[in-house]
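Hi everyone, thanks for coming. Let's take a look at today's model together.

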Amino acid sequence: MNKIILISIITLSFAGCDLFTTRNAENPDQTRSNFQPPVEPAVVIDNLKNSLSDKNVQNYISCFVDTLFSERSFNFSASSDALTRFDIFLSWGLNEERRYFNSIANKVTVDFPISLTLSNQNYSSLSGDSLIYSATYLINLPVSAGDQFPQNYGGNLQFNMLRDSRQEWVIYFWKDTKSETLPSWSELKGSSY
């Protein structure tokens, strides 16, 4: 008799617990990622654009040289207008890139991507393991109307790229030149730092 009562209690307990029903999936805590292994120089450019769109700082920083895998370190040459306004560019490195990127990513609403449009793209080979990429850029930063930052930045960029010891392409030098009509990417970096 006790066995029947015990089995009944266990059966009722399982029936009330919904042990075998599925639950709704939880939202992921991680940011979106479209990062691809940069086995070609064009993939680095795609990763850079996607990291801005996704607002993913880790993918953004992964586009640049890492001293663990190369003897070179990252250098940034700011536009002349930005150099006169911001003295931080005298010692700009990857930590400053990370800080500026986090700052702009936090200014943009979650649902809106930061867009980077590149035109007049050119790849010039220096050797088998290094090249220069140049392009005209336009960045759209969808910030609210009352924000102190402009929404659009433009100019010309030059990336010196190399293949590191992992056989992945990375940017080790970035030169920024202001357009005639818009503030430069350097000005965005300096004002966001």
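First, the ground rules. This is a predicted model, where local features need pLDDT of at least 70, side-chain atom pairs count only at pLDDT 80 or more, and totals for chains, interfaces and linings use all residues. Residues are numbered from 1 along each chain as its sequence is written, and side-chain values use heavy atoms, with hydrogens and water left out.

On to the strands. Helices (H or I, at least four residues) and strands (E, at least two) are DSSP runs numbered from the N terminus, and two strands pair if DSSP finds at least two bridges between them. Strand β2, residues 115-127, runs antiparallel to strand β3, residues 130-140, with 10 bridges joining them. The link from β2 to β3 is a hairpin through 2 residues. β3 also pairs with strand β4, residues 152-163, again in the antiparallel sense, over 11 bridges. You can follow this through T136 in β3: S119 stands opposite T136, and T136 stands opposite N156 in β4.

Now the angles. Most residues other than glycine have a negative phi. Which value does phi of K55 come near? It is near 55°, so to speak on the positive side, and K55 lies in the loop between α2 (41-54) and α3 (57-61). K55 counts as buried (under 20% relative accessible area), because its relative accessibility is 14%.

N120 also has a positive phi, near 50°, but its place is in strand β2. N120 is exposed (over 50%), with a relative accessible area of 63%.

Definitions and conventions. Buried < 20%, exposed > 50% of the residue type's maximum accessible area, 1.4 Å probe, protein only.
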